[in-house]
Amino acid sequence: MKARILFLLVTVAPISVLAQDSGSTSSLILLSGTLAGQSISSANRTVTVAPGGSLSGSYVVQVNSTWASNAVMALGWTPNWGSHSSSYVDLGGFSTPVSGLQKTVSVNLTAPATPGTYYITAAFRGEFTAAQVMSCTNWSVGGTIWNNGDDVADWSASTITEANNTGRALVDYRYPSGNLKQYVPATSIIVVVQSPDPGANSSLQLISGTLGGQSISPSNRTITVSPGASLAGSFLVQVNSAWASNAVMAMGWTPSWGSHSASYHDLGGFSTPVSGLQRTVNVNLSAPSTPGTYYITTAFRGEFTSAQVMSCTNWAVGTVYWDNGDDIADWTAATVAEANNTGRAYVDYRISSGTVKQYVPATSIIVVVLSNTDPGSTSTLQFISGNLGGQNIDSATHAITVSPGASLSGSYTVEINSNWSSNAVMAMGWTTSWGAHSSSYHDLGSFATPVSGLRRTVNINITAPTTPGAYYITTAFRGEFTAAQVMSSTNWAVGSILWDNGDDVADWSANTISEANNTGRAYVDYRLATGSAKQYVPATAIIVVVSGPVQPTGALKFVPFTPCRVMETRQEYNFQGRTGPFGPPYLNRGETRTLNLSGSICQLPSSARAYVLNVTLIPRSTVNFATVWPAGESRPDFWTVRSLDGQIVANSAIVKSGGGSINVYTSDDADVLIDVSGYFSDRSDGANLVFYPLNPCRVIDTRIVYRPVPGPFGPPSMAAKETRRFHLPSTPYCNVPSGAAAYSITLTVSPPGALPYMTVWPAGGPQPVVSSINSFAGRILANNVIVPANDQGSIDVYANNDTDFLMDINGYFAPDDGQRGLYYYPVTQCRVSNTANYLLTGAFGGPAFGDNTTRTIPLQSSGCSGIAGSAKAYALNVTAMPNGNPMPYLTAWPTGQQQPIASILNAFQGQVVSSGAIIPAGNEGSVDIYTYRRTDVAVEISGYFAR
């Protein structure tokens, strides 16, 4: 009887399970891990490998099981290739119930040899062995049943998706009485096997052109047209293809409107590999009739026909596959932006076994069709001449310079050219950018259109602002009833004038004012009855520079500059065709090149007295050092950037101009990239920004360990190809005042793998072809940059690959307040201290810094010349030389203040690292330097900031 009782108890268990399946409330969740060197998580569980590639690594799963107390679960994992009965792996059992139990899955596999999509699935259930789980065979069957189509390795893509979305899958499970639907807690990794894609190293770049009568270039590829307008013209593209020798590429272009299968155009084929091949694209289209944003995209790939390229259909499919959402004409704005930023887009491509991600070298023109035909787009208001406050207004710059509160009485003449329809009545007025917007404007009366060459005199009798800075007196007209509507950018149909929404003419930014003065009109937000829309307002402005105190001799002010690549010696990335010293080939060992920056593609003005640079070194093996210094001077003993371990590294530098030129020297063979983000000038009319130092402070930290609460200045980490916008005055962590035109920041990246580049630039503008920091080896690295901000004080940050990043601020540039702002004074580049130099003594020499060591460096008493006692901040270059000893971070700050939670460089691999930084001066003009671990440290100076 006891034996029978035991038998009955055993057989009751599965009956209970059938009646109520605990798997329906249990789950197996992927947390994180690395497989084939690629990070995986619940949000990004796909890895891509070549046929037969290694899939070694591990990942962590979380077990949540509601099975009854002390039920024993079997846990295992299996790939869906290979022999089902021998490919699974047993991960051992555990008792239930559990919640949040974490298990590590270690993987050491070889990917299949055939391209396709595969799965590695982990699962558990209340069985005796992992084999029973993997074969979906209940223990009471008495033996494991394989290859009946229900094995975990046989699960379909939809079942895998179900498991990944819910932590469980409802599948057929074998019982003594037959199959029954049961829940299996499970989670999968998706393995995409594809042949190495030459498209990943190929690119298609826009060079220049004209469409619809408008010039286009890599930095300005948007044209604005009216509905149905002609888009006739042509543009030049550059082909760089890494496909194997004599592979034939098909090339074509297509608009994003019209019939996909009929609207594309064939550009013919070419053989590979090629670098720098240029092709002309001739266009003769009409713009769409519906307002919106459209694209004209050119692309190539290794196909037989351009139809296959445009439809993203591989030749092996046999037929061209249109209208599945993957056609180039269907690419999203984000994909177009990716192509324009990198020269290629990573998209779904139809191959014989299904769809896989492939790189398509491509570039796009952006066509903005206006909401209506705007006569303002062909109308102008031009400044002719005038005199204000007893000064003739400069006809080229439209500028006058006055003292605070000075009289601005006088007049100027403007010329009107209006293409509004016959007898349309235009309202015209002028306004200052200071004072109350609703009461500071002035009515200049109306006129009827069309008119050409009509001149009006604007009489002025006002007082200049009392605070130094740049201000504007703007004259404008449009088809409104009153000048108030023109000045408030409010259309008459709105019903009431709308002031102070940020669109008033008095709110126009410096960039908008420049646009108006250059073209006779500005393209701005205009309030219509249906909401805001971009409209052209014919306008011209007088620039009133209110000067501060007399600028001392040798003092320089800062001028922000849209980040631009001056030098690029790599042939394969020289998309903009730099030649001579600015372009290929790489620098040979011991070579010096002289760069005339005013003659570069960035067109820096001859008034620049010092340049804000980011220098990237790409060694051919190892590079002891590279130095950048003013042309015409002897090369100083100065390390702008070093790479003793042969890694790609970047460092910032403020380099004095040598008659408009600089020298670049490398001790060893290396490619060199130089980006510029601003310059310093002694011209009072064009430069009005000075430096305001801040105690170093951490504005942004995306690491959840250090900022557990996600937010706009914290986690999550940056994802690959992600752009984030930061309004620094809004940070709760630091006191960053509003009104900054540029920031001095230290950017630190902490990537899980290779990070080709991160770029920082003024928010809202096109992403420039520059880099702010690189970490190809996946190291934690830092770089100090001066980044211009947009009119609201915001910046954009783009990460090419997944990474955490930190941003520390040590100051900002803003208009001179006449009291606290600091001018820049360059000095001859000089090494202040070096603990590895036994000839230097005291604070400037050895011994090396120890663990957790702080030292005070009295720069003003060093052997370097030209450092004034009035210095309030320094432009420094700090080099850590840990000699292989891991050195997590180095920090510098003003002597006498508390050590900040900020850093200026990191050397976790014990490598030599140089980092430029602007460091405020402390007691007696000194700075303190702290090292977390033992290292030698060298400090160099290139200039200082003082009043």
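A disulfide is a pair of cysteine sulfur atoms within 2.5 Å. The structure is a predicted model, in which local features need pLDDT of at least 70 and side-chain atom pairs count only at pLDDT 80 or more, while totals for chains, interfaces and linings use all residues. Residues are numbered from 1 along each chain as its sequence is written, and side-chain values use heavy atoms, with hydrogens and water left out.

A search of the whole structure returned 3 disulfides. With the bonded cysteines of the chain numbered in sequence order, the pairing reads 1-2, 3-4, 5-6.

Strands (E, at least two residues) are DSSP runs, numbered from the N terminus, as are helices (H or I, at least four residues). Cysteine 564 has a relative accessible area of 18% and is buried. Cysteine 602, at 7% relative accessibility, also counts as buried. Buried means under 20% relative accessible area, exposed over 50%, and partly exposed in between (1.4 Å probe, protein chains only).

Cysteine 697 and cysteine 734 are also joined by a disulfide, with an S to S distance of 2.0 Å. This bond is left-handed because its S-S torsion is about -90°. Cysteine 697 belongs to strand S39 (residues 689–701). Cysteine 734 belongs to the loop between strand S40 (722–727) and strand S41 (742–750). The pair therefore ties together parts that are 37 residues apart in sequence. Both cysteine 697 and cysteine 734 are buried.

A further disulfide connects cysteine 830 with cysteine 864, again with S to S 2.0 Å. Its S-S torsion is about -80°, so this disulfide is left-handed. Cysteine 830 is placed in strand S47 (residues 823–834). Cysteine 864 is placed in the loop between strand S48 (853–857) and strand S49 (873–881). Parts that are 34 residues apart in sequence are thus tied together by the pair. Cysteine 830 is buried, as is cysteine 864.
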